Amino acid sequence: MKENTKRKSLLATLLLTAMFAVCAVAAQLCFASVKTSFAEEASAGSEHGYYYGELAKSPLAEKFYDVMLDMAKENKFHDGKYEYDLVASGTLTDDELSEYLDAASPKIPVAFGAARDAFYMDHPDLFYVDVYKLYLSAGTQNGKNVAFVGTGKAENYYLDNAFETAAQVKTAVDEYENKLGALVNEARKLEDPVERIKFVNKELVRTVEYDYGAYENATSGNVYAAYVNTAYGALVKGKAMCGGYARAFKAVMDRLGINCVLVQGSAYSGNSVSGLEAGFEAHMWNAVEVNGLWYGVDVTYNDGNVNNEKYLLVGEEVLSKNHFEDGVISSSGFELKYPALRPLNYGVNEDGSGFKFEDENEIDGVKFGYTSFVDPDDGIEKATLVLGVSYEGKDGLTLMDEGKYLVYRASADGKTWSRWFCQPLFYKENYDGGFAGEYTIFDHNGTVNHTQYGVIDYAPDDILYTYNPDKLTNVHLLAVSSVYTNKGYGQYIPPLTLRR
């Protein structure tokens, strides 16, 4: 902020300060910072990450994200002190500033906080910057409304206890790009994306050591080298905590053109290691997309396991046993929506109850899986899911011949469910089709979040092919499937955005 800028509203300043408070201490234990070399990305036309898509309903948040992106692409973070003029750049209008300064409207700080959180999670290459030092100040200067993104009271943007000067940053960036480039080049020798993912996991497990000393210092409030929560720590220093493992994995995936995101939350470890007690800890891991379907990856847990692929391309059923997402990553209150994981591991189509899911291939002219489209009403990209379900290798018609009825139910939150509905009987009596191979076809649009499938030993006894819940007992519910979560539920479905 310029020295001769006069604050017009104390309330406005206080609101900004509150909105941009540093992340909670618990999150600091595992998570660090964000992106450096944007030249290759910009030349490839890829500028936005996955979480940018969640800002689609807030044009102002999108603008703030682009401010941070512009600062990164132009290397404005390198000197640690660059101040971005939000008025001259056209990011904020005079009317928007007046509304904020005169009436303390929360619109600007809310949008800035959301943009900062999305940017933070999208860009692991900006490892030397603490994005929570980005300070938005507004006021009047020479009779005009002004606003800037700067360091506020901080000396610079750099990550504390890691970098202090521009020279240190330049050296670190060069080291990082060399290490990252070498790993990417080795991975590119493999053609199959899944083999690339496996190779990167294996190399990070082989070359990175979990820094238990830093963990102990962090949990006890002592100073530790903050780079252990960055991709730089993992790739260059060879030491990391969970944030470093996850960011390094994402950084490599980004360069390989494999859609990958960071996921923040907590995880439960059932084992004590080096004096660390078992229990819930703040944690970070990844979700990665293969053939339009998302799977979980936890390189940190793989590094501490005899089977270093135990948490590689796993489904929701496996990951949800000890990993718990938290979409609110800072005091901004903005909640990220993480990709919906496929319920089963990669390459596995049948759950433990005998239900098989078809969500990738084409059978009898029916293309199963997700199909993206642009909604003409709001211009936002969305997706529908065509899912094939069978039980014990049989479609719904065959099961009905045996006196068994394939049913499904839906839920918005995974807790409150609709009535069981018999889709195959509906098809049989009203529709010429609905089956492909051994599968019954279920077409789920963006209004359906969680679905579950079952087999009941009698025909529907209520209206519209449903079952009366007061009469249906577990004795008649012969089998129940895993829960399938629809990634197209309720919002924008980002395309693959980070291509190199």
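G327 is buried, with a relative accessible area of 7%; buried means under 20%, exposed over 50%, and partly exposed in between, using a 1.4 Å probe and protein chains only. This is a predicted model, where local features need pLDDT of at least 70, side-chain atom pairs count only at pLDDT 80 or more, and totals for chains, interfaces and linings use all residues. Residues are numbered from 1 along each chain as its sequence is written, and side-chain values use heavy atoms, with hydrogens and water left out.

Where does G327 lie? Look in the loop between β10 (323–325) and β11 (355–358). Helices (H or I, at least four residues) and strands (E, at least two) are DSSP runs, numbered from the N terminus. Leaving aside neighbours within four places in sequence, G327 is in contact (heavy atoms within 4.5 Å) with F334, E335, L336 and Y338. Take Y338: G327 and Y338 sit 11 residues apart in sequence, and their C-alpha atoms are 7.2 Å apart in space.

| Residue | Relative accessible area |
|---|---|
| H444 | 2% |
| C260 | 2% |
| C422 | 0% |

You'll find H444 in strand β18 (residues 439–444). Its side chain makes a polar contact with the side chain of Y453, at 2.9 Å. A polar contact is a pair of N or O atoms within 3.5 Å; within protein, one must be able to donate a hydrogen and the other to accept it, and residues adjacent in sequence count only if both atoms are side-chain atoms. Not counting residues up to four places away in sequence, H444 touches T384, L385, Y408, T451, Y453 and N486.

What about disulfides? A disulfide is a covalent bond between the sulfur atoms of two cysteines. With the cut-off set at cysteine sulfur atoms within 2.5 Å, the count comes to zero.

Now for a pair of helices. Helix α5 (residues 94–103) and helix α6 (residues 107–122) pack at an angle of about 110 degrees, with their axes 8 Å apart. Axes are lines fitted to C-alpha atoms, for helices over the stretch in contact, and angles run from 0 to 180 degrees between N-to-C directions. So α5 and α6 are roughly perpendicular to each other, the label for 65 to 115 degrees. E96, L97 and Y100 in α5 meet K107, I108 and P109 in α6.

Zooming out, the chain has 15 helices and 21 strands, and buried residues make up 54% of its 500 residues.

Conventions
Angles under 35 degrees count as roughly parallel, over 145 as roughly antiparallel, 65 to 115 as roughly perpendicular and the rest as oblique.
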